[in-house]
Amino acid sequence: MKNTIFGLFLILNLGFFAQEKFTISGNLNDASNGEGLIGASIKIADQPKGTITNVYGFYSLTLPKGTYKIVYSYLGFESVTKEIVLDKNVKLNVELNETSTTFEEVVITGEASNKNVESLDMSKNELNIEQIKGIPALMGEVDVIKAIQLLPGVQTIGEGGSGFFVRGGAADQNLILLDEANVYNASHLMGFFSVFNPDAVKNVELYKGGIPAQYGGRLASVLDIRMKDGNMKKFSGQGGIGTISSRLTLTAPIKKDKGAIMLSGRRTYADLFLPLANNPDLDGTKLYFYDANIKGNYTLNDNNRIFLSGYFGRDVLSINNQFNMDWGNATGTLRWNHIFNDKLFLNSTVVFSSYNYELGTPSTDDDFNFSWKSRINDYYIKEDFNYYLDPKNTIKFGLQSAFHEISPGTISYMSEGIENEIITPTTNSLEHAIYVSNEQQFNSRFSAVYGLRYSLFQNIGKATVYNYDDDFNVSDTTYYQDGDIYQTYGGLEPRLGLKYTLDETSSVKASYNRTRQYIQLASNSTSSSPLDVWFSSSPNVKPQFADQVALGYFKNFSNNAIETSAEVYYKKMYNTIDFKDHAQLIFNQGLEGELRIGEAQSYGLELMAKKTKGKWTGWLSYTYSRVFKDIPLINEGEAYPAKYDQPHNISFVTSYEFSKRFSLSLNWVYNTGRAVSMPTGKFVYQGQTIPIYSAKNSERLPAYHRMDISATLKGKKYDTKKFKGEWVFSIYNLYNRANAYSLNFVENKETGVTEAQMLYLFKVIPSITYNFKF
């Protein structure tokens, strides 16, 4: 009987097992410039089968032998349908043309129309660079970081900070990548602007949870920014002249349809007008930043393509020839795309990343001058594979290895004609990882992505390690020779994402991920500073790790024109770092003795509604979030809010196109005030007034809120002219809100009463920018 049943099963399924299959693969590109389209949709007409392009525009789809109508689509572009006779493996590159949108139908994102519901991604936001450019900005400077701070689950300290805090994570727990290279300090002008020139940026993705297995090294989030590849069709350019800076981007084919090069630059110029002030106190004063981006790519043949990209940026601050400070990032990325066959894609990457700063006084004939230099360098290689097993399984796997070199500081100074030097020893370490994941569709309703990452961290000599007693005093010292591996940490990082489709317009998703972090920032302020010090895990500092779970409901309305989502999350963080009161973090060889270790937890709710089609577009989001630290030796052992704990956050971003030439944009933000400690009393000891503070972070600054507005006026016949120009008029902080940056407590000498003095940075700031392209 069993044999009969088994035989019947084989007969019924013989057609399936014997079914001959072939693969169609290729690249999907923008017809106007040859740029690969990321996340574009490839589907079989009238069937649920399909796939999407990877970050290089490559796709692969394996199907049974037959004739198919394949639909290639990308929102904002005209769909293309190809009828394919699949009786052998087929390589097919497809180009899509931008949609000639009417006045009534304006699209602001480049995603599949129902991606919000169908995709396995949750806790992820993608921003189109044109959408970012439409958001009103401080002094007219379009800013990628300021744009993501308007998304649910992302907090900010307000003005003066380009750092951001995601789901209870600290600013240093965000992995910021530019063409796969780490960016350690993403700010210009002490945090007022970010280092990313919008004209050089192609795509922005933010992962707040459900982090894919190929990413690691940070606890909270991944911000993956890709530069434009360059125009392989023709010479073109774009730029802008603004209130405080100008920028220019040029791109041209190396060989038409084979390769391209892109050059982009930006510089502020407020310092150029200082001589006009005719003020001797400003002589020798400088305050500016500049960026330079370069990228080239070349297609060697159908199976091989190379990319070379780099970034260099610098801030320069000099005050009256008495004080100098400069800092900046440099990155370089070399990538090789290789297609082994129709199913297997490889991206090999070699990366260099550096952040350094210098502080000091100019060399003079005076008796004293000094120079303080610090740097962090990364060198790493990556091998990332995509294997398209079949339409229901896409496997990703790879390995990574990095060398970290951290030099906390070298001080050179001259005193009484004698040169002196103090050096904080450089620390070296290795960080490795291997990973594998699979995105699997089980049926038309249920799909999952599951993966595993293993990371390994090793401290390498030459090194001096201080050992501490229970009171955090140095008890003894251990020396390690050059090349010695003296501490190793490692562990598994499972990743899981689930999606269940309820109907065509709604789905439920869930995710879990564990992340580990081996390098962190020593900072005792809420906002990051160019002088903050990075330090690695060591025998005294265990790696931080975190577990996060999230659950979400996703629903689309009005033929996918309106996307809504609701997510809840809980995150537990281990080996969390904080610092003792009055910790000395700068140029301290005993920095590890200033640390206090414990745990933290965060939880929250994120709501978002986004309209992507029509004359009126934008989004409204609300976030409720809490984050508490529980560190036994701080706050008398009681749990306390983190400095960036801000329970309520509202963001409203909208744009309305009145005509093809004129549009108006507006955004409004509200944040609960930051958690701070305030004096609640005082006493006098030996003639000195000593303040008595509240429990740690138990008080709050006033709530932060602000409205910005901008108007864009395009030139006549903008769509038909080769040279296109537009004016952007913007007002930052429209209703003149004085938002508290800090509170200082000063004793009134007449009354003896301690008074609070609020420091704020900006009120109303108008700006004007002229943008052009050709």
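Let's start with Val204 and its surroundings: leaving aside neighbours within four places in sequence, Val204 is in contact (heavy atoms within 4.5 Å) with Asn125, Glu126, Leu127, Ile132, Val144, Ile148, Leu223, Asp224 and Ile225. This is a predicted model, where local features need pLDDT of at least 70 and side-chain atom pairs count only at pLDDT 80 or more, while totals for chains, interfaces and linings use all residues. Residues are numbered from 1 along each chain as its sequence is written, and side-chain values use heavy atoms, leaving out hydrogens and water.

Val204 also belongs to the largest nonpolar core, which has 43 residues; Phe164, Phe196, Val204 and Leu223 touch the most other members. A nonpolar core is a set of buried Ala, Val, Leu, Ile, Met, Phe, Trp, Tyr and Cys residues joined through side-chain atoms within 4.5 Å. Buried means under 20% relative accessible area, with a 1.4 Å probe and protein chains only. Two or more residues come from each of α3 (129-133), α4 (144-148), β12 (174-178), β16 (201-207) and β17 (221-227), and α4 gives the most, with four residues. Helices (H or I, at least four residues) and strands (E, at least two) are DSSP runs, numbered from the N terminus. Apart from this core lies another, of 25 residues, among them Ile411, Leu531, Trp534 and Phe579.

Strands pair if DSSP finds at least two bridges between them.

| Strands | Sense | Bridges |
|---|---|---|
| β26 (residues 393-415) and β28 (residues 427-441) | antiparallel | 14 bridges |
| β28 and β29 (residues 446-460) | antiparallel | 14 bridges |

Gly398 stands opposite Tyr435 in β28, and Gln440 stands opposite Ala448 in β29. With four residues between them, β28 and β29 form a hairpin.

Note on methods
Buried means under 20% relative accessible area, exposed over 50%, partly exposed in between (1.4 Å probe, protein chains only).
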